[in-house]
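Here is a short tour of the charged side-chain pairs in a predicted model. Have the sequence and the structure open as you read.

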Amino acid sequence: MAFEVTPLPYPDDVLAPAVSAETLSYHHGKHHKAYIDKTNNAIEGTDHADKPLEDIIAAARGSDQGLFNNSAQSWNHGFYWHSMAGQESAPSDELKSMIESAFGSVDSLKEKLQERGAGHFASGWVWLAEKGGKLSIEETHDGDTLADQDGVNPLLVIDLWEHAYYLDHQNARPAYLKALTTEKLNWAFASENLARGKTWTYPN
């Protein structure tokens with residue numbers, strides 16, 4: 001069973017100006033596809049061939065860095081596409097209450113995501129996650145992921161690799177983060193992830 005690139009849940013121009021159609025097409029069609037292709041090539045004919053992507057990531061962590069990097073990046077990108085939306089939705093009452101408890105307000109959370117993302121050294125990801133009934137902002141470096149982390153439920157993620165924003169914002173990562181968090185976060189997706197627990201899986 002080969003994995004496929006997760007289809008975009010929206011037209012490729014709806015995230016502009018935060019993320020242009022050109023960037024999204026290149027990022028989704030080239031970068032994500034490359035990670036998927038390398039994952040499929042690595043698992044073909046092995047015991048991993050029929051496993052869910054999450055199981056492959058967990059098995060490869062610490063034992064096969066190449067497979068881990070590509071499988072984790074495949075998962076992260078699939079989750080990232082769903083973390084954005086053409087029009088910002090409202091958090092559920094439960095999520096909004098947890099945001100206010102942890103960060104004071106939704107706007108304050110957005111500012112924290114911007115700060116943590118801008119301050120993250122080199123490539124990686126910044127996440128909104130739920131741990132032990134509380135919200136936190138997490139960072140992973142390079143291709144690392146929260147997909148296989150016990151006790152951590154990822155709700156949203158933002159890609160910090162330069163290819164996610166360079167065509168639109170050059171090296172100004174803060175500008176990308178501000179544009180994305182201001183009006184393009186998919187709070188409906190985050191609310192669903194919170195309500196159902198850690199059950200989002202990469203489509204097979």
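## Salt bridges in the model

The count of salt bridges comes to eight, where a salt bridge is a side-chain nitrogen of Lys or Arg within 4 Å of a carboxyl oxygen of Asp or Glu. Three of these pairs are described below, after a word on the ground rules.

Residues are numbered from 1 along each chain as its sequence is written, and side-chain values use heavy atoms, with hydrogens and water left out. Since this is a predicted model, local features need pLDDT of at least 70 and side-chain atom pairs count only at pLDDT 80 or more, while totals for chains, interfaces and linings use all residues.

## Two pairs within helices

Let's begin with K33 and D37, which form a salt bridge with their closest N and O atoms 2.8 Å apart. Both sit in helix α1 (residues 21-43), and because they are four residues apart there, about one helical turn separates them. (Helices are DSSP runs of H or I with at least four residues, strands are runs of E with at least two, and they are numbered from the N terminus.) K33 is partly exposed at 38% relative accessible area, and D37 is partly exposed too, at 32%. For these labels, buried means under 20% relative accessible area, exposed means over 50%, and partly exposed is in between, using a 1.4 Å probe and protein chains only.

Helix α4 (residues 93-103) holds K96 and E100, four residues apart, or about one turn of the helix. Their salt bridge brings the closest N and O atoms to 2.6 Å. K96 is partly exposed, at 36% relative accessible area, and E100 is also partly exposed, at 36%.

Which parts of the chain does the pair D148 and R61 tie together? The two form a salt bridge, with 2.8 Å between the closest N and O atoms. D148 lies in the loop between β2 (134-141) and β3 (153-159), and R61 in the loop between α2 (53-60) and α3 (65-83), so the pair links parts that are 87 residues apart in sequence. D148 is buried at 17% relative accessibility, whereas R61 is partly exposed at 30%.

## The annotated region

UniProt lists residues 3-85, in an unreviewed entry, as "domain: Manganese/iron superoxide dismutase N-terminal". Its positions follow the numbering used here, feature names are shortened, and annotations may be inferred rather than shown by experiment. In the model, this span is 60% helix and 0% strand, with its end C-alpha atoms 24 Å apart.
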